[in-house]
Amino acid sequence: MFTRIPPALIATALLSAATTPAPAQEVNVYSYRQPDLIAPLTDAFTAETGITVNVVHLSKGMVERLQAEGARSPADLVFTVDISRLNAVVGAGLTQPVSSATLTANVPAQYRDPDNHWYGLTTRARIVYASKDRVADGEVTTYEDLADPKWQGRICTRSGLHAYMVALTSAVIHHHGEDAARDWLNGLRANLARAPEGNDRAQVKAIWAGECDISIGNTYYMGKMLESDEQRQWADSVRIVFPAFEGGGTHVNISGVAMTASAPNRDNALKLMEFLSSPAAQEIYAEANYEYPVAPGTEPVELVRGWGAFTADDVNLMALARLRPVALRLTEEVDYNAGN
Ligand code: FE
């Protein structure tokens, strides 16, 4: 049943809609991720929904900024990589739980917070870069192997205090306990070719330069190095090996999203979270940084598939976030960054 509305009333309604602006349809994002990774997705979201996405890119200080802004913060969502950074925002009480059947369907349980404060969208594996010339196939198959004295003077890594290394050490603690993890870190330190310095790519450069034979790094840096005329030769000197934990899988970390506690545009923020979690959006997001989408049935791009298949460790990343203080303490105790 439809009620006929007199044309004059429609005209009045249209006029008032035109003269009284509707509240702006927008959603505000604080992001540690680079603009070029996010823009294709936020543009697609705006095209589909008409909701404007305002992104503030931060290189540090997200927790401090959200704390300073308090309930008046314009931020609705935070985007970041690494479980420790997601957990820092959650742990400071700056997020709210979000329940959504769409998010639950698109994000496997191990890549979302059991309390629904954050959702992972893509993963990256922390793997071994091995010299094509000096490391044979099958010489390294587990993370435990890296502490074996056969690697003495042959391994390069970045600082043991970097979030990527701390998460890996947390995974060692998760699998083997604190004492065994201390021994592992000590063994790894004893195998270092030089005191930790530089980022993950700098370790591959050191393999290319003959300073070490294997390094630990995140998978996507292979793709990044291949983009660069200078770094392609570093990438070409190594192959990717996916180690697994004895009795477990390959260590992965995530990029993810959380909703702020004070989100002023909650409905729009939820729409953007659900949009980003869709299999198609995850594949686009993953492709931009050579990562792995997490939704069931999704695939990384061909280059990334070519690096090989692996089974991700099935630990919930929140368990690793909780072990971070222990991992940091062990790293200091063995004086990892002093090298050997
Ligand atoms: Fe990185």
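A: The model is predicted, so local features need pLDDT of at least 70 and side-chain atom pairs 80 or more, while totals for chains, interfaces and linings use all residues. Residues are numbered from 1 along each chain as its sequence is written, and side-chain values use heavy atoms, without hydrogens and water.

Q: What makes domain 1 and domain 2 separate parts of the protein chain?
A: The bounds come from an automatic or database domain assignment, which gives 27-123 + 252-301 as domain 1 and 125-251 + 316-338 as domain 2. Their centres, taken over C-alpha atoms, are 27 Å apart.

Q: How many salt bridges are counted between domain 1 and domain 2?
A: A salt bridge needs a side-chain nitrogen of Lys or Arg within 4 Å of a carboxyl oxygen of Asp or Glu. The count between domain 1 and domain 2 is zero.

Q: Why are Y164, Y220 and Y221 called donors of the iron ion?
A: Donors are N, O and S atoms within 2.8 Å of the metal (3.2 Å for Na, K and Ca). The OH atoms of Y164, Y220 and Y221 coordinate the iron ion at 1.9 to 2.1 Å, so they count as donors. Their spacing in sequence is Y-x55-Y-Y.
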